[in-house]
Amino acid sequence: MLKAIEKLLISASVVGVSAIASNPAFATTLKPSNIQFSTYQDKPQVQTYLFGDTQYKTVNGIERQLLNDITRDDINKATQALTDDSAATNVEFWYGSENPQRVGFTANLGKNTVKVETVVQEDWQDEKLAKGWLDGFLGAYGSLLPASPTADQYNLMLDTLKTKGLYSAGDPNVGAVALDDQTGKLQIDLVGHLDRAGLYIDTRQTIPNPIKTIRQNGKTIPNPTFGQPIPNPNYLKPKNDARYATGNIFLDQAIVALATKSVQQGKFFQMSEIAKVTFNGVVDYAFGFSAIDSGAFAADASVSDTTSHTAIYSWNRTYQLPPSESVPEPSAMLGLISVGGFLVGKRKMLKKA
């Protein structure tokens with residue numbers, strides 16, 4: 001009996017040492033649990049987009065599945081969108097306007113806590129957001145500008161962002177939140193526009209024929225203003241009415257110039273909305289300038305909107321995680337080896353006796 005126990009413990013000890021030396025713990029992708037939504041005026045202020053009855057719509061020549069199950073302030077539907085297997089289904093925070101109050105949710109990711117919220121004016125005073133966004137924007141599109149901004153121009157843009165923010169960017173549509181519990185990589189998927197150029201530039205290649213009798217027959221002609229800035233667009237209006245402006249002339253003109261360049265080159269002009277992220281007490285801001293096609297389209301999009309919910313912008317950061325309770329500590333394995341060694345020694349003593 002003693003010999004059997006000895007073999008069992010020695011075998012377990014050897015396997016344990018081998019596991020410590022060569023086999024990392026199995027990684028798990030954690031989704032949010034225990035999701036709690038904050039409220040403003042007694043409502044969570046969320047609008048959820050899910051796939052309902054399977055329907056498709058051809059948009060710009062691409063067949064897209066419609067996000068046609070649309071609800072407001074339904075936390076069960078919002079929870080479903082944040083925890084299902086689709087990054088295209090999403091929750092929009094603060095659906096009432098483009099000037100959000102602070103709303104969002106907190107959740108657990110294993111032993112970790114995460115909070116995802118709207119971005120409000122005071123967040124732009126944090127240089128982590130203002131400088132991070134500006135550097136990201138220039139890093140993505142600076143090479144397309146006629147000239148790099150001077151130090152004075154850069155500081156002016158930075159000061160404007162700190163003071164005024166980026167209007168319309170703070171009410172994000174969050175599609176998914178996930179954590180790799182082995183590497184500490186947190187990923188947040190934001191749903192947005194695959195191409196934002198049409199917000200600034202006339203991207204219509206054809207328009208209805210201005211002759212009434214022909215127009216009624218559905219005839220079109222090449223658009224003479226294709227690729228040109230939209231006359232008196234929203235970004236030139238006062239801040240309380242401007243959806244896509246910073247109030248900084250250089251930055252706003254740079255955005256228009258880049259949108260124009262992207263249309264001329266047949267490329268997408270991409271910028272996501274922004275979410276405030278607090279992970280285990282550390283504050284970050286999720287945004288991006290490169291997206292993949294979501295394959296979806298919002299069923300409530302306006303007639304002129306051809307890019308609503310067509311893109312997924314993935315943001316990620318890697319954090320130091322607390323020790324995992326599921327992985328055996330090396331000290332426990334060493335203790336097992338010690339027990340095995342003790343029994344081997346005991347057996348030898350019995351033989352001598």
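Which residues do ring pairs link into a cluster? They are W133, F137, Y141, Y200, F269, F287 and F289. This is a predicted model, where local features need pLDDT of at least 70, side-chain atom pairs count only at pLDDT 80 or more, and totals for chains, interfaces and linings use all residues. Residues are numbered from 1 along each chain as its sequence is written, and side-chain values use heavy atoms, without hydrogens and water.

Start with the rings. A pair of aromatic rings is described by the distance of the centres and the angle of the planes. Rings of Phe, Tyr and Trp (its six-membered ring) pair if their centres lie within 6.5 Å; planes under 30 degrees apart count as stacked, over 60 as edge-to-face and the rest as tilted. The whole structure holds 11 aromatic pairs. One of them joins W133 and F137 in a stacked arrangement, 5.2 Å centre to centre with 5° between the planes. Both residues sit in helix 3 (residues 127–141); because they are four residues apart, about one helical turn separates them. Helices (H or I, at least four residues) and strands (E, at least two) are DSSP runs, numbered from the N terminus. W133 is buried at 1% relative accessible area. F137 is also buried, at 1%. Buried means under 20% relative accessible area, exposed over 50%, partly exposed in between (1.4 Å probe, protein chains only).

The pair of F279 and Y319 is tilted, with 4.5 Å centre to centre and 35° between the planes. F279 lies in strand 14, whereas Y319 lies in the loop between strand 18 (311–318) and helix 7 (330–352), so the pair ties together parts 40 residues apart in sequence. F279 is buried at 1% relative accessible area; Y319 is buried at 12%.

Strand 14 (residues 275–279) leads on to strand pairing. Two strands pair if DSSP finds at least two bridges between them. Strand 14 pairs with strand 9 in the antiparallel sense over four bridges. Here V277 is the bridge partner of V116. Strand 9 (residues 112–117) also pairs with strand 8 (residues 104–109), antiparallel over six bridges. A107 stands opposite V114 in this pairing. Strands 8 and 9 form a hairpin with two residues between them, and G110 in the turn has a positive phi of about 65°.

Elsewhere, an open sheet of three strands runs in the order 4-5-17, with mixed pairing. Strand 4 meets strand 5 (residues 62–67) in the antiparallel sense over four bridges. T58 stands opposite E63 of strand 5.
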